[in-house]
Amino acid sequence: MLTLLLIVLAIAGLLVVMRREAGAPAAIAVLGVLGLVGLLFDAEVIGVLLLIGAAAVAVAGLPALRRKWLTPRLFATFKKVAPKVSATERTALEAGSVSWDGELFSGKPQWEKLLAFKDDGLRDDEKAFLANQCVKAAGMCNAWDIAQERADLPQQLWDFLKQEGFFGMIIPKEYGGLGFSAKAQSMVLQKLSVNETLMVTVGVPNSLGPGELLLKYGTQEQKDHYLPRLSDGREIPCFGLTGPRAGSDATSLPDTGVVCKQTINGEEVLGLRLNFEKRWITLAPIATVVGLAFRLFDPEKLLGDEEDRGITLALIPRDTDGMEIGRRHHPIGSPFMNGPIIGKDVFVPLDTIIGGPDMIGQGWRMLVECLSIGRCITLPSGATGTARYALGWSGGFTRVRRQFNVPVAEMEGVQEPLARMAALAYISQATVYQTANMIDHGEKPAVPSAILKSQLTEFQRVLLSDAMDVHGGKAVTLGPRNYLGIGYSANPVAITVEGANIMTRNLMIFGQGAIRCHPYVLEELAAKDANDMKAFDKAFFGHAGLIFGNAARAFTLGFGIGKASVPFDGPAATYAQDIARLSAGFGLCADAAMASLGSALKKREMISARLGDVLSNLYLASMVLKQWQAGSKVEGEEALLHYSCRFLLQRAEQAFVEIFDNLPNRALGKTLNAVVMPTGRRWNKPHDDLARDIAKRVSTHSALRTKLLENTWDADDGEQRNPLARYNALLVDYDRAEAIYRTVNKAYAKGELPQTALHPEARVEAGLEKGLVSAEDAEFMRTFEAEVLEMLTVDDFAYDAFAKNKSTLINHNEKSATASRQPEQEEENVK
């Protein structure tokens, strides 16, 4: 009995030590004391075993002892098996900052650090811009007109964007820009997402492009010249990075610059001769100044002893000799300006290099550091804005569209996608806002930028697909009335650009985070490179303690023992505690994958992707909880919180299961499963009751719908009609209309109205004659039904409207044409 008790106490004591990462002395104390107890009270066997364990821990765990025999061997092995980090990879790893993503990697997230990012809201000028300039810009857009009639934004809209400084949101006021915060920039792009071409046109100059690069790295002369001109639209910028052979792998640039001298106006000038071919460059067809990335060589060593000077960035005026620019690509579903740029023997002086000669070879670092912020804002904000509009349109349409005498929003087959859309919109809003708030506090989130870009644009794909499904024929029939179809077809653009989602998910999120965000891996690699055994010993055994700590935390929390302390109350507390549990499991699995696969993990992209999925879902759930904690709540929002968190945590657990099932070392996979999920999975998909409740609220005039649709163009006050405003107006009156629908439909079912009264309008008129409907209600329904019918109506066109070459048009109903072809057809049949 004593033996069993000592074993239990030893296990419990070690779990406490491991969970607290108390170190070798604490473990030695636990084993030593229990060993002595065993020897003193006639349990000699277990006592001796416990003392042997204490001695083993001392030899391997106490720094003074292990550094004499164990650390040198481990260090030698580590130097052989540790993955090699290239210069470009190291640049990417060192770019940006680590914040909440690092806490999740640690396995013991300190929630106070996340909540410490206070939200000061928007400035008055930012609010005014959203309420006025953004509304006016949105009101100038019709998707059909822009995509099919113009293949461009209207001229008056271009003029307005330049006049009001839309292209200078990130440029400080001292240079004529708006100097907006990251939150305000995100909000602007969300509001402009009513039209994807408008959002991209405004978003790109405020993301990766000359503006941001000049702000961070430009010479004072470059800033003084270009920033005011970029702010007021005198200069339209583009940035040439990708090409036929360099897309996601931007470091493989085949475009070159060669340092040389050329005589200009009788004077010898030191500069660069550039040869390049760029593709998929947004705003290139109309750009007046081109940012360019290329590989610089100095074969004559005019600048120094090095020949290969590395990736360099320059800023080149459009009219530079040798540059071909102006042709367009045709992006799927959206006519935003995008095209190729080709340069043959383009000579430019050295002062065109962004930052001047001092920044030669620093281009990759410059790009990565800019991307770490831009990818957090532009496309994630566009996806979030799209989510707001798609949800608003879909909720309104499904409420006024009736089938089988009921709104389709009352059908569970429609309620399921409506609830999913609401949750994805809610998650997206929280994530992009809270991450932008971190940026406003000085963070440069590198790993979260990959999470936001890939996850929120994938959400956008699901949202738009769901919206198309619930709209049916209304959305698949293109025309001026179709507010959804063109945006749906353009969605692959967001999936593909700024790092294709396949690459981002499979390589970047975990691949970068495993080193950049891990508490010890970067230190271990640095110790290896410096051949510093003492630094390696500290980092390696700190790492070992973290592994044991995460194992203990995941295992005990899996049984509900010692729940994590979290600064949340109410419904958020349970989710925060489980994020902490899964964070410990994630940290353990990350270390297990890196240890068992080593450098081969780079090629095991599916495992890396699933580890990234765990991290992504924990990050998104954390942002939802932060938003819930910080913001005001409305009626029905708690149901959406539950749906969203359960949706994300279920996805995280699913990713864990797939990791366990696919690790090459099957024993390791089973062990991790037992440690991380000792009682099995906790989270199922959100319950149907939640879906029904949420779907009803987002398809009616409710506080929850109003909150989810904040920061949209929701007034019918623009040059173009606003479908969202029209749906909102119908929903305000819907309860009154529904009562009248019920009255006349019930009377019709009883035979009290003529059987020919098949349409709602006819039943209302018949009900008026029968005295079932008042004259006031009948007049109300005439107006209401006319607006409903207008919102359900789709466009049609002349027979020859879509044939660009009218000479190829076939008149299928012309009898003479049919008769003239018949003998030829009979002869062909005989043959």
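**Legends to views of a predicted model**

View 1. Taken along the principal axes, the box filled by the C-alpha atoms of the protein is roughly 105 × 90 × 75 Å.

**View 2. Secondary structure and contacts across the sequence.** The protein contains 34 helices together with nine strands. When contacts are counted between residues at least 6 apart in sequence, 75% of them join residues that are at least 24 apart.

**View 3. Charged side chains of the protein.** The protein carries 89 positive side chains and 97 negative ones, and a distance of 6 Å separates the centres of these two sets.

**View 4. The two assigned domains.** The domain assignment gives domain 1 as residues 1–61 and domain 2 as residues 723–792. Between the C-alpha centres of domain 1 and domain 2 there is a distance of 80 Å.

**View 5. Residues 45–65, annotated as a transmembrane region.** The feature "transmembrane region" is placed at residues 45–65 by UniProt, in an unreviewed entry. In the predicted model, the chain over residues 45–65 is 95% helix and 0% strand, with its end C-alpha atoms 26 Å apart.

**View 6. Residues 123–233, annotated as an N-terminal acyl-CoA dehydrogenase/oxidase domain.** According to UniProt, again in an unreviewed entry, residues 123–233 hold the feature "domain: Acyl-CoA dehydrogenase/oxidase N-terminal".

View 7. N684 counts as exposed because its relative accessibility is 62%, and the cut-off for exposed residues is over 50%. Leaving aside residues up to four places away in sequence, N684 touches R646 and Q650. L649 is 35 residues from N684 along the chain, and the C-alpha atoms of N684 and L649 are separated by 8.6 Å.

Conventions. Residues are numbered from 1 along each chain as its sequence is written. This is a predicted model: local features need pLDDT of at least 70, side-chain atom pairs count only at pLDDT 80 or more; totals for chains, interfaces and linings use all residues. Side-chain values use heavy atoms; hydrogens and water are left out. UniProt positions are given in the numbering used here, feature names are shortened, and annotations may be inferred rather than shown by experiment. Helices (H or I, at least four residues) and strands (E, at least two) are DSSP runs, numbered from the N terminus. Contact means heavy atoms within 4.5 Å. Lys and Arg count as positive and Asp and Glu as negative; His and the chain ends are not counted. The place of a charge is taken as NZ of Lys, CZ of Arg, CG of Asp or CD of Glu. Domain bounds come from an automatic or database domain assignment. Buried means under 20% relative accessible area, exposed over 50%, partly exposed in between (1.4 Å probe, protein chains only).
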